[in-house]
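Dear colleague,

Please find below the structure we discussed, together with its sequence. My notes on its pockets follow.

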Amino acid sequence: MTDLPSLAPPGIMLGIGLGGFFDGIVLHQIFQAHAMLSAVIPLNSMMNMKANMLADGLFHAFMWMATLIGVTLLWRALNGRRDASAAGWRLIGYMLAGWGWFNLVEGLIDHHLLDLHHVVEALGLSMWDWLFLASGIVLILVGHVIARKSSQAT
């Protein structure tokens, strides 16, 4: 069983994609808390809104590609596995870690370094941006704990 591919790459890629989709769908579209470039291009004209919508669309396309890569890697990794239950928990753990990596990297780059947007745009840099980073760290840690524990069970 040691020659089987790791579930870490597909789990992390799926977590990145799903974390990005959650961010885009919930924070960008449902709550409309921010758009991809809303701190740089304010949503105060139709032209600016179109620019932000294009940036949001490109972001979603990138998240879709990450998810597609994750599904492809998962297909390869699960081919011929007999440890389906433990493998499922490992995958869930790595997906949580991938979601955490998305939150951490996207938060650091877009919220803090480039100042492209904030979790709640109306507040600017706020505790919500710091909580977004913290959620990334927590998801990474919890995900890796679940993955390691399920690896030890096999």
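In what follows, Ala, Val, Leu, Ile, Met, Phe, Trp, Tyr, Cys and Pro count as nonpolar, Asp, Glu, Lys and Arg as charged, and the others, Gly among them, as polar. Please note that this is a predicted model.

I begin with the second largest pocket, which holds about 160 Å³ of space. Its lining consists of Phe22, Asp23, Leu27, Trp99, Asn103, Val119, Trp128, Leu131, Phe132 and Ser135. By class, these residues divide into seven nonpolar, two polar and one charged. Asp is counted as charged, and Asp23 is part of this lining. Three helices, H1, H3 (84–113) and H4 (127–152), each contribute at least two of the lining residues. H4 gives the most, with four residues.

I turn now to the largest pocket, where the space amounts to about 320 Å³. The residues that line the largest pocket are His28, Gln29, Gln32, His34, Ala35, Leu43, Met49, Asn52, Met53, Asp56, Gly57 and His60. Seven of them are polar, four are nonpolar and one is charged. At least two lining residues come from each of H1 (8–30) and H2 (46–78). The largest share, six residues, is supplied by H2.

Yours sincerely

Terms used. Residues numbered from 1 in each chain as written. Predicted model: local features only at pLDDT ≥ 70, side-chain atom pairs only at ≥ 80, totals over all residues. Heavy atoms only, no water. 1 Å grid on protein atoms, 1.4 Å probe; cavity = no way out; pocket = protein on both sides within 12 Å on 5 of 7 lines; lining within 4 Å. Points joined across faces, edges and corners; volume = space filled by probe spheres on them.
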